[in-house]
Amino acid sequence: HLFSRAQFELLRPHAVPEIQRSPLTELCLFVLANAEQFGRSPEHFLAALPDPPAERAVATAMDTLLDVGALTEDTRRLTPLGAHLARLPVDVHVGKALIFGCLLRCLEPVLTAAAAISYKSPFVAPFEKREEARAATRRLAVPASAHPPLLRPTHDCRA
């Protein structure tokens, strides 16, 4: 058996809808970018769904968009940055880093860091070899980098 009868009794009759357990930042950005089509704010659009997400989750998503500069504070409309972020199929933080990497002409290390933080760490080791893995990761460190073990292998491959 996969689980005991006691565990089975604790299970919910239905799964929690995905809209209630997923980050809403990209969805709010999509609704804002297509405001003419949706005709209402993300808050109103999401509240009208059959199983709407919690108001706090929507507010957190909108706060995130404000924090990254995707929305104006007064009207809560997309900024030029927000319009560009809405076209990118990545998290808004990663998207902002990519846009600024282009603007500042340092895209290559930003792409490497963005790719690395968007997925699971490539530095996985069995439990009994964790210390050995940590030592190897430290050897890859790049001084004064926010992503030390990620940039050196990429740089070394190109050299």
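This is a predicted model: local features need pLDDT of at least 70, side-chain atom pairs count only at pLDDT 80 or more; totals for chains, interfaces and linings use all residues.
Visitor: Where is V92 placed, and which residues does V92 touch?
Guide: V92 sits in helix α7. Leaving out residues up to four places away in sequence, V92 touches T25, E26, L29, T64, L65, V68 and L85.

Visitor: How many Å apart in space are V92 and T64, C-alpha to C-alpha?
Guide: T64 is one of the residues that V92 touches. In sequence, V92 and T64 are 28 residues apart. In space, their C-alpha to C-alpha separation is 8.6 Å.

Visitor: Which residues of helix α2 are buried?
Guide: Helix α2 covers residues 25-33. Its buried residues are T25, C28, L29, V31 and L32.

Visitor: What covers the buried residues of α2?
Guide: Several helices contribute. The cover includes α3 (35-38), α4 (42-47), α5 (55-68), α6 (80-86) and α7 (92-103).

Visitor: Which residues make the nonpolar surface patch, and how does L11 count by accessibility?
Guide: L2, F3, F8 and L11 make this patch of about 470 Å². L11 is in the loop between α1 (5-10) and α2. Its relative accessibility is 47%, so L11 counts as partly exposed.

Technical notes:
Residues are numbered from 1 along each chain as its sequence is written. Side-chain values use heavy atoms; hydrogens and water are left out. Buried means under 20% relative accessible area, exposed over 50%, partly exposed in between (1.4 Å probe, protein chains only). Helices (H or I, at least four residues) and strands (E, at least two) are DSSP runs, numbered from the N terminus. Contact means heavy atoms within 4.5 Å. Patches are made of residues with over 30% relative accessible area and no salt bridge: like charges are joined within 9 Å, nonpolar side chains (Val, Leu, Ile, Met, Phe, Trp, Tyr) within 5 Å. Accessible areas come from the Shrake-Rupley method with a 1.4 Å probe; for residues, only the protein chains shown count as cover. A salt bridge is a side-chain nitrogen of Lys or Arg within 4 Å of a carboxyl oxygen of Asp or Glu.
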